[in-house]
Amino acid sequence: MRILLVGHGKMGRMVESVSAEYDCEVAGVIDPQSPKHGGGPDADRWAGVDVAVDFSTGASVALNATTLARRGIDLVIGTTGWSAYEEAVRSAVRDSGTGLVVAPNFSTGVVLFEALVIRAAGLFAPHEDFGAFLHEAHHAAKTDAPSGTALLLKRSMEQAGFPRTIDVSSTRAGFIPGTHTVGFDGPAETVTLTHAARDRSAFARGALTAARWVKGKRGWFTMKDVLGIS
């Protein structure tokens, strides 16, 4: 399977480094900041690409994703901070009949972690003396805060029926790959659930799993679809 890397920063290079393990050939790179930049999303050389894997910037998603989708290239998007362009991307995917997997975090563990958090939020919801908090920590270079995963977890807790305020906080320091902690605190006890990434390979492997899964599919999907979690 031929993949196109949109964004060639730390995550893009990580996807490239493990792509052969997933029988994927990297056809090229879209990233003006990279020496491997092969042209924009409309470049002729991307003909024959099966799936584009996007770990770029929120501002660039609108142009790249919509153009690639209209060319019939399926998409995997791990970039966060592009909600303002979501409707344009949805329209391009719908009109072109392509498939897209979007996730703020492609780690298999995080997807399963979210399922545990949803269950916990539902269990604690009727107990009014328990409050909830959510803390996430990432490396100093990560620009968005709270993280996309933190926002997803908060929304999932609310949708699970947790009715009280969920305090969300963030830390940006050093080289932390990513840690998310959800806590429920009562008068005399605290329950916490934590997911910690040891390195970025978990995200890269999840993205490649999604790329292999979405090839030839039509519609808008998440990692829950990829992993078969209802």
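**Figure 1. Strand E1 pairs with strand E3.** 4 bridges join E1 to E3 (residues 51-54), and the two run parallel. Leu4 stands opposite Ala52 in E3. Strands pair if DSSP finds at least two bridges between them. Helices (H or I, at least four residues) and strands (E, at least two) are DSSP runs, numbered from the N terminus. This is a predicted model, in which local features need pLDDT of at least 70 and side-chain atom pairs count only at pLDDT 80 or more, while totals for chains, interfaces and linings use all residues. Residues are numbered from 1 along each chain as its sequence is written, and side-chain values use heavy atoms, with hydrogens and water left out.

**Figure 2. Strand E1 also pairs with strand E2.** E1 and E2 (residues 25-30) pair in the parallel sense over 5 bridges. Ile3 stands opposite Val26 in E2. The chain crosses from E1 through helix H1 (residues 10-18) to E2, and this β-α-β crossover is right-handed. Right-handed means that, with the strands pointing away from the viewer, the path from the first strand over the helix to the second runs clockwise. Is E1 (residues 2-6) largely enclosed, or largely open? 4 of its 5 residues are buried, so E1 is largely enclosed by the rest of the structure. Buried means under 20% relative accessible area, exposed over 50%, and partly exposed in between (1.4 Å probe, protein chains only).

**Figure 3. An open sheet of 6 strands has parallel pairing.** The strand order is E2-E1-E3-E4-E5-E10. E2 and E10 stand at the edges with a single partner strand each, so one side of each has no neighbour in the sheet. Neighbouring strands are turned by 20° against each other on average, direction ignored. Axes are lines fitted to C-alpha atoms, for helices over the stretch in contact, and angles run from 0 to 180 degrees between N-to-C directions. Strand E4 (residues 74-77) and strand E5 (residues 99-102) run parallel, joined by 3 bridges. In E5, Val101 is the bridge partner of Val76. H2 packs on this sheet and touches E1, E2, E3 and E4. The direction of H2 makes about 155° with that of E4. H6 packs on the sheet too, touching E1, E3, E4, E5 and E10. Contact means heavy atoms within 4.5 Å.

**Figure 4. Helix H2 meets helix H3.** The axes of H2 (residues 58-70) and H3 (residues 86-96) come within 8 Å and cross at roughly 5°. That makes H2 roughly parallel to H3. Angles under 35 degrees count as roughly parallel, over 145 as roughly antiparallel, 65 to 115 as roughly perpendicular and the rest as oblique. H2 makes the contact with Val61, Ala65, Thr66, Ala69 and Arg70, while H3 uses Ala88, Val89, Ala92, Val93 and Ser96.

**Figure 5. Lys215 sits in a loop.** The loop lies between helix H6 (201-214) and strand E10 (219-221). Is Lys215 buried or partly exposed? Its relative accessibility is 43%, so Lys215 counts as partly exposed. Leaving out residues up to four places away in sequence, Lys215 touches Met1, Asp50, Val51 and Asp74. Lys215 and Thr98 are 117 residues apart in sequence and 8.7 Å apart in space, C-alpha to C-alpha.

**Figure 6. An open sheet of 4 strands has mixed pairing.** The order is E7-E6-E8-E9. Strand E6 (residues 131-138) and E7 pair in the parallel sense over 7 bridges. In E7, Arg172 is the bridge partner of His138.
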